[in-house]
Structure formats: C-alpha cells, structure tokens
Amino acid sequence: MTSTELSKAARIERRKLRATYINTVALTFFIAGVATPYYAMLAIPPADYIRMLEAIGTPAGPRLATIAAWIGSWAISLLLHYVARGVLEDLED
C-alpha cells in the first residue's frame, strides 16, 4: 500500500511517528552530549571546577575538542528538534 492509498488518519499517524523518531534522536544527542557532562561536572568540588575552567585549552584542563563536542551535540539536538517540528508543520486537519 503506498502513501496515496493510505487514509488521511494513517498519513497523519505516519508523520507523527516520523517526527517522534527524529525528536527521540535529538533527545539522545542532548543526553549524551550535553546533560551527561553537565551532571558529571556537578560531582566536582567548586574550587576544582573553577580551576578546571581556568585551564581550558591547556594540558591540565578540558580539551577544546571536548567543549566543541558539547556545543556540537547541543546544536545537533536543537537542529533535529526543529526538523521534527517541521515534519509536523503542515499536518492535515
């Protein structure tokens, strides 16, 4: 059965399922790349955290690649969320 043979309700449900999948992938990027490092940093004592922030880019501090991955994960998550919203943008009534 092709999409032209599906009922209107079936087409709507298919689009909703596609948007849900995309949004779930976005959430996975967010959790893996943003939330996990954030909560890991909460375990660091505040004095060490300040010292770590001051050492960004040095051998003693977090690598710039780690920070870039954090920002990239957040950006990919946001982009995928907007793609999912776009899938639902012109749903039929």
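A residue is called buried under 20% relative accessible area, exposed over 50%, and partly exposed in between. The exercises below apply this to a predicted model.

**Exercise 1. Determine whether Lys16 is buried, partly exposed or exposed, and identify its salt-bridge partner.**

Solution. 
1. The relative accessibility of Lys16 is 36%, so Lys16 counts as partly exposed.
2. The partner of Lys16 is Glu13, and the closest N and O atoms of this salt bridge are 3.1 Å apart.
3. Glu13, with 45% relative accessibility, also belongs to the partly exposed class.
4. Glu13 and Lys16 lie 3 residues apart in helix H1, which means that about one helical turn separates them.
5. An α-helix has 3.6 residues a turn, so residues three or four places apart point the same way.

**Exercise 2. State how many salt bridges a search of the whole structure finds, and locate the one formed by Arg15.**

Solution. 
1. Arg15 is joined to Asp90 through their side chains, at an N to O distance of 3.0 Å.
2. This pair connects distant parts of the chain, since Arg15 belongs to helix H1 and Asp90 to the segment after H3, 75 residues apart.
3. Arg15 has a relative accessible area of 23% and is therefore partly exposed.
4. As a general principle, side chains of opposite charge can pair when their charged atoms come close.

**Exercise 3. Characterise helix H3 by its span and its buried residues, and then examine Ser77.**

Solution. 
1. Helix H3 comprises 25 residues. From first C-alpha to last it reaches 36 Å, close to the 36 Å expected at 1.5 Å a residue.
2. Its buried residues are Ser73, Ser77, Ala84 and Val87, and these pack against H1.
3. Ser77, located in helix H3, has a relative accessibility of 9% and therefore counts as buried.
4. Leaving aside residues up to four places away in sequence, Ser77 touches Ala26, Phe29 and Phe30.
5. The side chain of Ser77 also reaches the backbone oxygen of Ala26, at 2.9 Å.

**Exercise 4. Identify the residues of the nonpolar surface patch and the helices that supply them.**

Solution. 
1. The patch covers about 580 Å² and is made by Leu27, Phe30, Ile31, Trp74, Leu78 and Tyr82.
2. Helices H1 (8-42) and H3 (64-88) each contribute at least two residues to this nonpolar patch.

**Exercise 5. Compare sequence separation with C-alpha to C-alpha distance for the pairs Arg85 and Ile22, and Pro45 and Ser7.**

Solution. 
1. Arg85 is placed in helix H3 and, with a relative accessible area of 47%, is partly exposed.
2. Arg85 and Ile22 stand 63 residues apart in sequence, while their C-alpha atoms are 9.3 Å apart in space.
3. Pro45 occupies the loop between H1 and helix H2 (46-54). At 44% relative accessibility, Pro45 is partly exposed.
4. For Pro45 and Ser7 the sequence separation is 38 residues, and the C-alpha to C-alpha distance is 58 Å.
5. Set side by side, the pairs give 63 residues with 9.3 Å for Arg85 and Ile22, and 38 residues with 58 Å for Pro45 and Ser7.

Notes: Residues are numbered from 1 along each chain as its sequence is written. This is a predicted model: local features need pLDDT of at least 70, side-chain atom pairs count only at pLDDT 80 or more; totals for chains, interfaces and linings use all residues. Side-chain values use heavy atoms; hydrogens and water are left out. Patches are made of residues with over 30% relative accessible area and no salt bridge: like charges are joined within 9 Å, nonpolar side chains (Val, Leu, Ile, Met, Phe, Trp, Tyr) within 5 Å. Accessible areas come from the Shrake-Rupley method with a 1.4 Å probe; for residues, only the protein chains shown count as cover. A salt bridge is a side-chain nitrogen of Lys or Arg within 4 Å of a carboxyl oxygen of Asp or Glu. Helices (H or I, at least four residues) and strands (E, at least two) are DSSP runs, numbered from the N terminus. The expected span of a helix is 1.5 Å times one less than its number of residues. Buried means under 20% relative accessible area, exposed over 50%, partly exposed in between (1.4 Å probe, protein chains only). Contact means heavy atoms within 4.5 Å. A polar contact is a pair of N or O atoms within 3.5 Å; within protein, one must be able to donate a hydrogen and the other to accept it, and residues adjacent in sequence count only if both atoms are side-chain atoms.
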